[in-house]
Amino acid sequence: MAGTATTAVLDRAGLDALVAALVADGRTVVGPTVRDGAIVLAELSGAGQLPYGWGVELDAGRYRLVRRDDDAAFAHSGGPQSWKAFLHPERERLWSAERAADGTLTVRADRAEAPSYAFLGVRPCDLRAIAVQDRVLASGHYPDSGYRERRRRAFLIAAECTEPAGTCFCVSMGSGPAVDDGYDLALTEVVSAAGHRFLVRTGSAEGERILTRLPRLPADAETTALASAAVRRAAERMGRAMPPVDLRALMGASLEAERWDDVAARCLTCGNCTLVCPTCFCTTTEEVTDLTGDHTERWQRWDSCFDLDFSYVHGGPVRASARSRYRQWLTHKLSTWYDQFGSPGCVGCGRCIAWCPAGIDITEEVAAFRAESSTPREEAPQ
Amino acid sequence: MATAATDPTLAVFKPASCDGCQLTLLNCEDELLTLADRLAIAHFPEASSATAPGPYDIALVEGSVTTSADAERIRAIRAGARHLITLGACATSGGIQALRNFADVDGYRRTVYARPDCITTLATSAPVAEHVRVDFELRGCPIDRGQLLEVLTAFLTGRKPDIPNHSVCFACKRRGTVCVTVAHGTPCLGPVTHAGCGAICPAYGRGCYGCFGPKPDSRLPVLIPLLRRDGMDALARERFQRTFTAAAFAEEGEP
């Protein structure tokens with residue numbers, strides 16, 4: 001699409017018009033907004049609900065909402081949710097069955113009609129995460145039909161990253177701060193003496209169609225230059241970096257590393273890392289019946305490899321220790337994910353670092369595994 | 001609400017407790033008639049003075065065992081019940097009255113009662129499962145109405161109750177609650193506490209105080225330094241851990 005992309009400049013009124021146009025099209029617009037001391041993702045009725053003038057300070061196990069010196073709307077990162085909360089919701093009914101008085105069973109596929117989402121302000125890392133989940137959930141022999149349908153109908157408005165947080169490391173994962181593809185519209189926010197505006201470029205025919213309906217200015221040289229400079233500066237200000245190693249090989253070779261005991265001693269096994277991770281996709285299914293016993297439903301729910309029941313088989317959980325569960329998570333995310341899906345499961349968004357109450361840092365752990373693997377082990381006495 | 005003679009029978013008992021958990025059963029207002037269609041409520045003194053003798057198919061027990069008389073009674077209840085299900089923090093962990101486990105019970109008895117010689121009590125408040133075999137433990141202070149119905153439905157249907165064993169954090173993330181510890185620096189027992197309440201407290205901006213007790217494989221010792229980081233001194237940590245499931249958290253780690 002790159003060759004045919006249209007570029008333009010929207011001001012804040014243009015952004016208002018964008019949200020209004022999407023709402024008028026019957027879309028459920030979801031974007032960042034301030035709630036409960038954080039920038040969360042929620043349904044927006046207008047662009048006025050965007051977090052204008054708010055930023056965040058992030059560190060391992062710490063998130064603080066802060067006022068900014070400017071009115072930027074997209075100068076934040078690493079929020080408490082990711083877009084999977086909408087594309088891959090925490091619970092979904094798959095089917096239900098009724099038993100009639102004569103004993104006849106009626107089974108009904110029960111997926112609700114998918115909403116037409118428009119996601120406003122998708123970070124490049126999160127755009128990559130959506131692509132990863134597409135591969136997992138919407139392709140292959142057994143696609144998740146609910147996910148596939150929601151995804152098919154979704155309109156994605158990316159926002160290039162101009163203000164990375166202390167927990168961000170997308171550059172080292174090759175997923176940001178610029179966007180390359182996978183969007184309908186891409187915005188780059190520019191706040192300067194000349195005003196608050198958004199460089200917009202189209203990435204799909206639907207994006208073109210929407211853009212033509214908006215009040216807009218042609219993309220001028222100054223805005224274009226400021227936008228690319230802002231993204232370039234963001235790349236230089238990453239709070240963290242994944243060590244430049246062959247992750248697949250390193251984690252594969254570290255299965256018996258001593259570091260697992262070290263990290264397990266700091267891990268609460270609360271599951272937060274997997275729940276905030278934009279690529280973690282695991283679910284469980286549960287059948288529930290009602291009191292009469294004549295009605296039953298099958299629900300799909302988010303699950304986590306940190307849940308003891310996740311690996312429960314007859315007799316007990318396969319991964320009973322914190323060590324084994326943390327190892328399962330990290331080796332899958334960074335190593336066996338390549339074998340399964342041809343990419344890492346990590347996009348460098350930093351949520352697992354920020355939202356771990358104990359502040360476990362995935363980049364620090366990988367550095368420790370690398371250090372351990374390059375230290376020759378003492379020979380055991382014969 | 002015709003109850004056939006072949007319907008399974010339900011009985012509700014309580015040793016030391018506040019009655020809140022069995023009231024949860026009465027609070028199932030929309031479902032009570034259906035429930036009464038599926039089983040015969042044979043013994044439930046809080047709801048009716050009419051009682052039928054056991055044995056019972058399902059015995060629900062709230063409350064902890066604090067006297068030798070109750071210890072004896074719980075064995076009789078077990079002997080007369082096909083399935084014994086315990087309800088709530090008292091029955092599953094000893095409850096708030098397990099604070100006595102950390103104190104000089106004899107000193108209390110002498111200080112509080114005019115005639116201490118009339119008071120017979122055990123030195124500890126213990127969960128029912130310390131005295132008899134329990135088929136299912138439902139946690140909470142009080143228990144969650146939806147979970148109680150799920151457990152009863154599951155036993156009536158002969159399936160496993162859909163009661164997840166993970167942390168309260170799961171519930172916060174599912175309902176989209178912003179983490180009070182990470183975003184506000186509020187001490188919270190959620191990461192070590194059994195889910196089931198739907199993460200009510202963090203949804204209102206306060207930390208979880210663990211009324212459902214530790215989750216399986218709870219890692220309280222890992223949380224202690226974080227509570228310290230978030231401003232709790234030793235006394236505050238002790239008080240935080242010693243509320244509705246005091247004994248259960250005490251087993252998990254020193255404050």
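User: What share of the 382 residues of chain A count as buried?
Analyst: For chain A, 46% of the 382 residues count as buried (20 or more other C-beta atoms within 10 Å of the residue's own, with C-beta atoms placed from the backbone). Keep in mind that this is a predicted model, where local features need pLDDT of at least 70, side-chain atom pairs count only at pLDDT 80 or more, and totals for chains, interfaces and linings use all residues. Residues are numbered from 1 along each chain as its sequence is written, and chains are lettered from A and ligands numbered from 1 in the order in which they are written.

User: Got it. How many helices and strands does chain A have?
Analyst: Chain A has 13 helices and 16 strands (DSSP runs numbered from the N terminus: H or I of at least four residues for helices, E of at least two for strands).

User: And what does chain A span along its principal axes?
Analyst: The C-alpha trace of chain A spans about 75 × 70 × 40 Å.

User: What ipTM does the predictor give the complex?
Analyst: The predictor gives the complex an ipTM of 0.95, and a pTM of 0.95.

Conventions: Buried ≥ 20, exposed ≤ 12 C-beta atoms within 10 Å, placed from the backbone.
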